Amino acid sequence: MIKNILIILFFSLKANAALEVTIAQGKVEPTPIAITQIFGADSDTARYGNTLRQIISNNLTNSGLFYTVNEDLYIQSDNLVEKVPRFEDWKLIKAQFLLSADVSKTDNGIRLRMRLYDVFNAKEIEKLQLTIPDENLIRRVGHTVSDIVYERITGETGYFDTRIVYVSEIGPLDQRVKRLAIMDQDGHLDSHQFLTDGKNLVLTPRFAPNKQLITYMEYKNNLPRVYIYNLKTGEREIVGDFPGMTFAPRFSPDSQSVIMSFSDPNNAANSEIYLMDLNTRSRLRLTNDSGIDTSPSFSPNGEKIVFNSDRGGSPQLFVMDKNGENIKRISKGKGVYGNPVWSPRGDLIAFTKLTQGNFHIGIMDINGNNERVIVRDFALESPAWSPNGRYLIFHRQKRSNLDGTGGEVSIHFIDITGYNERVIPTPRDGSDPAWSPLL
Amino acid sequence: MLIVAGFFLASCAATNTEQGGDVDATSASASSSSGGEITAGTQEDLIVNVGDRVFFEFDSSELTVDAQATLDAQAAWLMQYPDTNITVEGHADERGTREYNLALGDKRAFSVYSYLAQAGIDTNRMEYVSWGKERPEVIGSDETAYSQNRRGVTIVSN
């Protein structure tokens, strides 16, 4: 939405190639960037400027690819939107890039102007001017500027103007109250919103790739079924009229269908994978096996589906064609696999694996080769990809004790290289995170 | 046995309130208000005199010999109280993914349900539901807790 506003007001020096930062396997040295004060002439615009600076600085730092050069070191303190920086001053403090911006009030709303400089080459590499109608969009502006900086410097698609839907948890572990909640990807409290009231148990929310919809599972009247939550209207709608439990939903890449498990009472309550067309309401059964088939996830081109099945005895990962044919096991290692999720770039599958008493979150090629463990702990679950395919979010739960203590569960962010793990803050405990596409 | 039954009962009541379901609320309050006397045909009667639950091996929905004996007794009890309806809950321990455990819980619940059906209980009197790993009976991250949590529980629903 904001992108549309932006495109009109946005003028950019067309950037063709990524600059200095190379993203290879292994640890990346964060690139130093200086961010000047974001200038405002009155108290309102100065406040917006402070907020924006904080959002941009946090986003870039949290990506693990940047660090913000300490403000105390800055030699030049000018607004550098219209004035050419004294690049020598910034070189001296080892800032590789320099961002300056200002905010002002205009007849159309609040205007931001931004300049991004390559310090070592002493040139402007990006500029932006945008106007928003009111301050409710300030956080979005901060995320959008962060995306532009990230994209211009790393050459990768940004991911900051996105949201995370997750399950907020509170209460004793044997009678947990769970609510759907949504927030900006940085977990900022100002952006946090509950979507359900906690009366019914809710699980496993996932975004539609290109619609303002979330599919999830809810125990309404103690009947566990897959639902769709409309983020625009707040309406909830059941997905299909099934005589048994439906669960483990995800959207197809075109957002026109939901793929999920159905536990059919006429089939000994064995879970099979179904595709439900949301327009025609027709359903297609894709698997047919006496084992459990669940956790389906589409490849981004919609041609393949990865899923979890215990058809070979223990839960493993399999890939099949979109029509259910050509089923092939891909998981090769020892242990119990689950939660496969196809990356938005199409080249990797994230998963969980339980082995030797610990859960692991890992990634593998789509044929199961090159399995790599990213993080290991007692209880890890629910990996979800950032829209640019570089990061994962997941939840981590502590051990619980007989006296009812422990069991705290929180949402974490990690680079798929295994570096830069951090907690995404939530007001209560959080689980089952899912990432929106770029807004 | 009585002490154990009391413990189960207390936690059942708590669970039911939280879920906001009408399935178990009646039986739970009826049982807990009965004091020392057990009313025949109630959840408390089932718990104390028959056994309301069966346990499963890790990652299995097959009924053990012990489980079948318990369900034979449940079937006889249900025959004795033909106006009683039940919901069978299937549960899993925490050592699996949420989605896989929902599937496993449903298979466990269905194992109990279909065993009772084969024993002659009218399926119109029975429902079943999976709670996956969402409603542990015993809190704890060890096998003692897990073995109690891999269960099928028969709840009197009227």
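A residue counts as buried if 20 or more other C-beta atoms lie within 10 Å of its own, exposed if 12 or fewer, and partly exposed in between, with C-beta atoms placed from the backbone. This is a predicted model: local features need pLDDT of at least 70, side-chain atom pairs count only at pLDDT 80 or more, and totals for chains, interfaces and linings use all residues. Residues are numbered from 1 along each chain as its sequence is written, and chains are lettered from A and ligands numbered from 1 in the order in which they are written.

**View 1. Chain B as a whole.** Of its 158 residues, 52% count as buried. Chain B has 6 helices and 4 strands. Helices (H or I, at least four residues) and strands (E, at least two) are DSSP runs, numbered from the N terminus. Along the sequence, the pattern of chain B is α-α-α-β-α-β-α-β-α-β.

**View 2. Where chain B touches chain A.** Here 29 residues of chain B are in contact with 35 residues of chain A. Two residues are in contact if their C-beta atoms, placed from the backbone, lie within 7 Å. On the chain B side, α1 (2–19), α5 (98–118) and β3 (126–132) each supply at least two residues. α5(B) gives the largest share, 9 residues. By class, this side has 10 nonpolar, 10 polar and 9 charged residues. Ala, Val, Leu, Ile, Met, Phe, Trp, Tyr, Cys and Pro count as nonpolar, Asp, Glu, Lys and Arg as charged, and the others, Gly among them, as polar.

**View 3. Two packed helices in chain A.** Helix α2 (residues 43–62) and helix α4 (residues 138–154) of chain A pack at an angle of about 45°, with axes 9 Å apart. Axes are lines fitted to C-alpha atoms, for helices over the stretch in contact, and angles run from 0 to 180 degrees between N-to-C directions. Residues of α2(A), including A:Tyr48, A:Leu52 and A:Ile55, meet residues of α4(A), including A:Val141, A:Val145 and A:Val149. By class, the contact of α2(A) with α4(A) has 10 nonpolar, 5 polar and 1 charged residues.

**View 4. Nonpolar cores.** The largest nonpolar core has 77 residues. Such a core is a set of buried Ala, Val, Leu, Ile, Met, Phe, Trp, Tyr and Cys residues joined through C-beta atoms within 7 Å. Those with the most contacts inside the largest core are A:Met260, A:Ile349, A:Ala350, A:Leu392 and A:Ile393. Strand β22 (residues 348–355) of chain A supplies the largest share, 5 residues. A second, separate core of 36 residues includes A:Leu65, A:Ala95, A:Ile110 and A:Leu128.
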